[in-house]
Amino acid sequence: MTWNREQLAKFQSIAALVVMLIAMSVLSDSFLTPENGLNILRQISVNLCLSIGMTLIILTAGIDLSVGAILAFSGAIAAGVLKNGLRLDGLGVQLEFTVFGAIVAGLLVGSACGMFNGVAITWFKLPPFVATLGMFSIARGLTMLWTGGFPVTGLGETFGAIGTGMVLGVPVPVWITAALVLVFVVLTKRMRFGRHLYAVGGNERAALLTGLPVDRIKIAVYTLGGLLSGVAGLIVTARLDSAQPNAGLGYELDSIAAVVIGGTSLSGGRGSVMGTVVGCLIIGVLNNGLFLLNVSPFWQQVVKGFVILAAVAIDRMSQRGQSV
């Protein structure tokens, strides 16, 4: 009986995706086409980058409310240094950046923001909710200061290829996210670091007593989350050919929703990157299907809210069943 329940919990998100695909295919003639399939994959690529990082964080029983703000800040930094360079007044130096240099700058900024979160949570013992909420405000404010509140536009075709290019008929963002999924599936399932994540999230005190460097693991996890937010920021900025100061608004909730719908427990210690992929697909199919059916964006938010509540309720019932 217990085995059946665990198996049901493991595949419930896949079953929900299949049901949704069938329902949308019946309701809309234009849903089940190769073009629309690629469109869905392109649309979920940003959320998937953020959600992979969020999965690692939630596996350690944490949360990150700053991913959307870090996305905007990373994209703004990359766009700003690419367009205008970096002037160091104190040294009298003006640095020019290539596309590669701008990408590295954006990723470094994202990683630094994530590391800041990890240090605040481990060294200063701030609750993850409070620490990342603070970073949310810091990153949003720094983005406004850096851009002056105006979009940074005209970034060139080479940089734009990150968001709009095609390779073998598949959008570049899809290739990027596919590579990230592969890397982080191996990291979480085949490497020691992944096992440590589950140990810390499952029972942090026990992990500490067995000698695991819990603080270093958490800092590494939040840093990776920031790095992946930086990747998402580069994709969004390249796709729009501009860095928007308000980019990434609401992405925090979408990434948390994808992780929870994909079966990762908010209590930590249970879940997977592949589950998150399914969760992102469910949200993507839902958004795309409702758009094709001309459902109001306001109602789309309502429907998404109910889906998140249902996923959390199922997670809680599953935990209760395991504890009996």
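**Labels and their criteria**

Visitor: What makes K125 count as exposed?

Guide: K125 has a relative accessible area of 58%. Exposed means over 50%, buried means under 20%, and partly exposed lies in between, with a 1.4 Å probe and protein chains only. K125 is therefore exposed. Its place is the loop between α4 (99-122) and α5 (128-147), where helices (H or I, at least four residues) and strands (E, at least two) are DSSP runs, numbered from the N terminus. Phi of K125 is near 55°, a positive value in a residue other than glycine.

Visitor: On what basis do these values rest?

Guide: This is a predicted model, in which local features need pLDDT of at least 70 and side-chain atom pairs count only at pLDDT 80 or more, while totals for chains, interfaces and linings use all residues. Residues are numbered from 1 along each chain as its sequence is written, and side-chain values use heavy atoms, with hydrogens and water left out.

Visitor: Why is D241 called partly exposed?

Guide: The relative accessibility of D241 is 33%, so D241 counts as partly exposed. D241 is found in the loop between α10 and β6 (242-243), and has a positive phi of about 55° although it is not a glycine.

Visitor: Why does S272 count as buried?

Guide: S272 has 19% relative accessibility and therefore counts as buried. S272 lies in the loop between α11 and α12. Setting aside residues up to four places away in sequence, S272 touches T55, K189, Y198 and T264, contact being heavy atoms within 4.5 Å.

Visitor: What makes C113, C280 and C49 buried?

Guide: C113 has a relative accessible area of 7%, so C113 is buried. The value is 1% for C280, which is therefore buried, and 0% for C49, which is likewise buried.

Visitor: Where is C49 found, and which residues is C49 in contact with?

Guide: C49 belongs to helix α2. Beyond its neighbours within four places in sequence, C49 is in contact with T177, L180, L228, V231, A232 and I235. The C-alpha atoms of C49 and A232 are separated by 5.8 Å, although these residues are 183 apart along the chain.

Visitor: Which residues have the most contacts inside the largest nonpolar core?

Guide: A nonpolar core is a set of buried Ala, Val, Leu, Ile, Met, Phe, Trp, Tyr and Cys residues joined through side-chain atoms within 4.5 Å. The largest such core has 79 residues, and those with the most contacts inside it are I52, L71, F159, L180, F184 and V285. Helix α3 (residues 67-84) gives the largest share of this core, twelve residues. I52, for its part, touches L180, V181, F184, L228, V273 and T276, residues up to four places away in sequence not being counted.

Visitor: Why is α3 described as largely enclosed by the rest of the structure?

Guide: Of the 18 residues of α3, 16 are buried, so α3 is largely enclosed by the rest of the structure. From first C-alpha to last, α3 reaches 25 Å, close to the 26 Å expected at 1.5 Å a residue; the expected span is 1.5 Å times one less than the number of residues. Just after α3, G85 takes a positive phi of about 75°.

Visitor: How many cavities of 30 Å³ or more does a search of the whole structure find?

Guide: The search finds one. On a 1 Å grid over the protein atoms alone, a cavity is a set of points where a 1.4 Å probe fits but cannot get out, a pocket is an open set with protein on both sides within 12 Å along at least five of seven lines, and lining residues have an atom within 4 Å of a point. Grid points are joined across faces, edges and corners, and a volume is the space filled by probe spheres set on the points. The largest cavity holds about 30 Å³ of space, and the largest share of its lining, four residues, comes from α3.
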